[in-house]
Amino acid sequence: PEACDAETIQEDDLQMVTVRAINQAVQCSEPMLKTLQENLDEVINSETEKEMIDIANELAVQQEALLKATRAKQPYDDIADAIEALRDRKQKVLTEKAETEGRKLRIDELKTFLSQMPQEITEYDEQIVRKYIEKITVYDEYYDVEFKAGIKIKIKK
């Protein structure tokens, strides 16, 4: 029974921390919205589009070299390896682009939430937490609440 009580207390503490973090985000919505916009600008200005063009150009060059080597009946193992490496790099960039799009969406969602939230919340709301909170890290003196949009708020114990 004592272990159950300890878990309940910890869960209650975490619920209180999430409510405080969300309220702090709402109360500081102007600076928070500025930070979110900066995060959004950073995500939008990422280099993925330029890198995709560079990969496509290099891939075209390597494929042309592969055709020439096969027509001339020359070894082409190095060229084939380079093409494979470019395809792997392209896949990695596409994955990063998808993650960037997801982050952009989470930033937009949090911006909308902060701008539409008229007042503080008074009780724990599981849906809000699942939608906006990424994780809570517990330290001796404070909690670090990280929102899915990339913002961290420190809550003192």
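These legends go with several close-up views of one predicted model.

Residues are numbered from 1 along each chain as its sequence is written. In this predicted model, local features need pLDDT of at least 70 and side-chain atom pairs count only at pLDDT 80 or more, while totals for chains, interfaces and linings use all residues, and side-chain values use heavy atoms, with hydrogens and water left out.

**View 1. The protein chain has 5 helices and 3 strands.** Along the sequence the pattern reads α-α-α-α-α-β-β-β. Helices (H or I, at least four residues) and strands (E, at least two) are DSSP runs, numbered from the N terminus. The chain has 157 residues, and 29% of them count as buried. Buried means under 20% relative accessible area, exposed means over 50%, and partly exposed lies in between (1.4 Å probe, protein chains only).

**View 2. The largest nonpolar core holds 27 residues.** The residues with the most contacts inside this core are I22, L36, L110, F113, L114 and F147. Two or more residues each come from α1 (2-27), α2 (29-44), α4, α5, β2 (142-147) and β3 (152-156). Helix α1 gives the largest share, 6 residues. A nonpolar core is a set of buried Ala, Val, Leu, Ile, Met, Phe, Trp, Tyr and Cys residues joined through side-chain atoms within 4.5 Å.

**View 3. K50 forms a salt bridge with D54.** Their closest N and O atoms are 3.1 Å apart. A salt bridge is a side-chain nitrogen of Lys or Arg within 4 Å of a carboxyl oxygen of Asp or Glu. The structure holds 4 salt bridges. Side chains of opposite charge can pair when their charged atoms come close. K50 and D54 are separated by about one helical turn, because they stand 4 residues apart in helix α3 (residues 48-71). K50 counts as partly exposed because its relative accessibility is 49%. D54 is also partly exposed, with a relative accessible area of 33%.

**View 4. E101 forms a salt bridge with K104.** The closest N and O atoms of this pair are 3.6 Å apart. Both residues lie in helix α4, 3 residues apart, about one turn of the helix. At 40% relative accessibility, E101 is partly exposed. K104 has a relative accessible area of 24%, so K104 is partly exposed as well.

View 5. R130 is exposed, with a relative accessible area of 59%. E126 is partly exposed, at 34% relative accessibility.

**View 6. A negative surface patch is formed by D77, D78, D81, E84 and D88.** One of its members, D78, lies in helix α4 (residues 77-116). D78 counts as exposed because its relative accessibility is 66%. Patches are made of residues with over 30% relative accessible area and no salt bridge; like charges are joined within 9 Å, and nonpolar side chains (Val, Leu, Ile, Met, Phe, Trp, Tyr) within 5 Å. Lys and Arg count as positive and Asp and Glu as negative; His and the chain ends are not counted. The place of a charge is taken as NZ of Lys, CZ of Arg, CG of Asp or CD of Glu. Accessible areas come from the Shrake-Rupley method with a 1.4 Å probe, and for residues only the protein chains shown count as cover.

**View 7. M52 sits in helix α3.** M52 counts as buried because its relative accessibility is 18%. M52 and L94 are 42 residues apart in sequence, yet 8.3 Å apart in space, C-alpha to C-alpha. R89 is found in helix α4. R89 is partly exposed, at 36% relative accessibility.

**View 8. K73 is found in the loop between α3 and α4.** K73 has a positive phi of about 55°, although it is not a glycine. K73 counts as exposed, at 76% relative accessibility.

**View 9. T122 lies in the loop between α4 and α5.** At 75% relative accessibility, T122 is exposed. T122 and M16 are 106 residues apart in sequence. In space, their C-alpha atoms are 9.5 Å apart.
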